[in-house]
Amino acid sequence: PDVASAPQSLRGQSQPSTLSQADQGGFDLDAPLSTLSWQPKTISVVLPCAEEREYALKTVESVFSSTPSDVLHEIVVVD
């Protein structure tokens, strides 16, 4: 609303937000912390390395062997 059209008692005060969940992109911005969780289906691992072939190979082997196969989507090695 326009400040000039607001009642005298509300001018200069912040207006409460009246946006619905849909207007906010489908997110409840005031959700309790206990309800906020992330349940990934798969993960991708990005391994940046700079001429560290031996360590990169060991790291890839470790990630591959320690991550469940239904969770690990890919391992990307960037040199």
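Visitor: What ground rules apply to the numbering and the values?
Guide: Residues are numbered from 1 along each chain as its sequence is written, and side-chain values use heavy atoms, with hydrogens and water left out. The model is predicted, and local features need pLDDT of at least 70, side-chain atom pairs count only at pLDDT 80 or more, and totals for chains, interfaces and linings use all residues.

Visitor: Which pattern does the protein follow along the sequence?
Guide: Its secondary structure comes to 1 helix and 2 strands; helices (H or I, at least four residues) and strands (E, at least two) are DSSP runs, numbered from the N terminus. Read along the sequence, the pattern is β-α-β.

Visitor: In which sense do strand β1 and strand β2 pair?
Guide: Strand β1 covers residues 43-48 and strand β2 covers residues 72-78. Two strands pair if DSSP finds at least two bridges between them. Here there are 6 bridges, and the sense is parallel.

Visitor: Which handedness does the β-α-β unit have?
Guide: The unit is made of β1, helix α1 (residues 53-66) and β2. A crossover is right-handed if, with the strands pointing away from the viewer, the path from the first strand over the helix to the second runs clockwise. This unit is right-handed.

Visitor: Which residue in β2 is the bridge partner of valine 46?
Guide: Elsewhere in this pairing, leucine 47 stands opposite valine 77 in β2. For valine 46, the bridge partner is valine 76.

Visitor: Is leucine 72 buried or exposed?
Guide: Leucine 72 lies in strand β2. Leaving aside neighbours within four places in sequence, leucine 72 is in contact (heavy atoms within 4.5 Å) with Ile43, Val45, Val63, Phe64 and Thr67. Because buried means under 20% relative accessible area, exposed over 50% and partly exposed in between (1.4 Å probe, protein chains only), leucine 72, at 15%, counts as buried.

Visitor: What is the relative accessible area of valine 76?
Guide: Valine 76 also has its place in strand β2. The C-alpha atoms of valine 76 and valine 45, 31 residues apart along the chain, are separated by 6.1 Å. Valine 76 is partly exposed, with a relative accessible area of 31%.

Visitor: How much accessible area does the nonpolar patch with Val46, Val76 and Val78 have?
Guide: Patches are made of residues with over 30% relative accessible area and no salt bridge; like charges are joined within 9 Å, and nonpolar side chains (Val, Leu, Ile, Met, Phe, Trp, Tyr) within 5 Å. Valine 78, in strand β2, is partly exposed at 42%. Accessible areas come from the Shrake-Rupley method with a 1.4 Å probe, and for residues only the protein chains shown count as cover. Together, Val46, Val76 and Val78 have about 220 Å².

Visitor: How many salt bridges does a search of the whole structure find?
Guide: A salt bridge is a side-chain nitrogen of Lys or Arg within 4 Å of a carboxyl oxygen of Asp or Glu. One of them joins glutamate 51 and arginine 53, at 2.9 Å from N to O; arginine 53 is exposed, with a relative accessible area of 58%. The search finds 2.

Visitor: What separates lysine 58 and glutamate 54 in helix α1?
Guide: These residues form a salt bridge, with their closest N and O atoms 3.3 Å apart. Lysine 58 is partly exposed at 48%, while glutamate 54 counts as exposed at 51%. Because they are 4 residues apart in helix α1, their separation is about one helical turn.

Visitor: What phi does glutamate 51 have?
Guide: Glutamate 51 sits in the loop between β1 and α1 and is exposed, with a relative accessible area of 53%. Most residues other than glycine have a negative phi. Glutamate 51 is not a glycine, yet its phi is positive, at about 60°.
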